[in-house]
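Have a look at the sequence and the fold, then read on.

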Amino acid sequence: LDGFIIYFLFWYVEDLAAATNTGNIKLLEGLIVAAETLGGEVVFFSISGKILERFGHVHSFSMCFVNYALGLALISLVPNPWWVLPIELCFQGPTYALTYTTVVAYANELAPPGASATMQGIAAGMDDGIGYAIGSITGGILYKYIGGKSALQVFSSLGVFCSVIHLVLHKTYLKGHEAPVILNGNNEVVYKPPKEAVEITRST
């Protein structure tokens, strides 16, 4: 979803501006970036820890998909490109910032003892690498053949679908296949050296 937004949001904004004879489009694009970064990401990167504590990784991740779906749907319905500015201001935090934090924290939670940094790196790489590639390629094909508005709506529907599938899979299958977490007397996670972590993982 992020792959499509990053590479095609401004393309759609410019197409919409041309269709509605809206000026100052480069100013708008700069304001959108500022709103996303300063108004959305900074705030949600700061409070995402509390959100994860309140709702947990699984529900937060499913909620992120719903946030993406709602944001994309709203963008597809705006009559004027300037409406994208408040939408991105409100949704960049609950989508990108919260998703990235949840992915990294979730990877840390699921990692075998001693493999936390490796798992976080793999998760972030899958998101920023393979995820962006798939999103941009799929988005480009959809944008070409069905147009920007319909492509946004397709990705919005995909967000809802992914949210439901993620929640159902976790509740029915993944929950019983998580690696065991080793705690000390203070109920804190114990991180073992790599060699010990490998042996613990093999024995489970």
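Does K26 count as buried or exposed? With a relative accessibility of 56%, K26 counts as exposed; here exposed means over 50% relative accessible area, buried means under 20%, and partly exposed lies in between (1.4 Å probe, protein chains only).

## What you are looking at

This is a predicted model, in which local features need pLDDT of at least 70 and side-chain atom pairs count only at pLDDT 80 or more, while totals for chains, interfaces and linings use all residues. Residues are numbered from 1 along each chain as its sequence is written, and side-chain values use heavy atoms, with hydrogens and water left out.

Of its 204 residues, 39% count as buried. Take the contacts between residues at least 6 apart in sequence: 75% of them join residues at least 24 apart, where contact means heavy atoms within 4.5 Å.

How many salt bridges does the structure hold? There are two, each being a side-chain nitrogen of Lys or Arg within 4 Å of a carboxyl oxygen of Asp or Glu. In one of them, the side chains of K26 and E14 meet at 2.7 Å, N to O. This pair links distant parts of the chain, with K26 in helix α2 (residues 25-77) and E14 in helix α1 (residues 2-20), twelve residues apart.

K26 also forms a salt bridge with E29, at 3.4 Å, N to O. Both of these residues lie in helix α2, three residues apart, which is about one turn of the helix. Together, E14, K26 and E29 are linked in a network of salt bridges.

## How α3 meets α4

Helix α3 (residues 84-110) packs with helix α4 (residues 116-146) at an angle of about 140°, and their axes are 7 Å apart. Axes here are lines fitted to C-alpha atoms, for helices over the stretch in contact, and angles run from 0 to 180 degrees between N-to-C directions. That angle makes α3 oblique to α4, because angles under 35 degrees count as roughly parallel, over 145 as roughly antiparallel, 65 to 115 as roughly perpendicular and the rest as oblique.

On the α3 side, the residues making the contact include Y96, Y100 and V103, and on the α4 side they include M119, A123 and Y132. By class, this contact has nine nonpolar, three polar and two charged residues. Nonpolar covers Ala, Val, Leu, Ile, Met, Phe, Trp, Tyr, Cys and Pro, charged covers Asp, Glu, Lys and Arg, and the others, Gly among them, are polar.

Now turn to T101, which sits in helix α3. T101 is buried, since its relative accessible area is 18%. Setting aside neighbours within four places in sequence, T101 is in contact with F45, S48 and L52.

Where does S62 lie? S62 is in helix α2, and a relative accessible area of 5% makes S62 buried. Not counting residues up to four places away in sequence, S62 touches S163, H166 and L167.

How values were computed. Helices (H or I, at least four residues) and strands (E, at least two) are DSSP runs, numbered from the N terminus.
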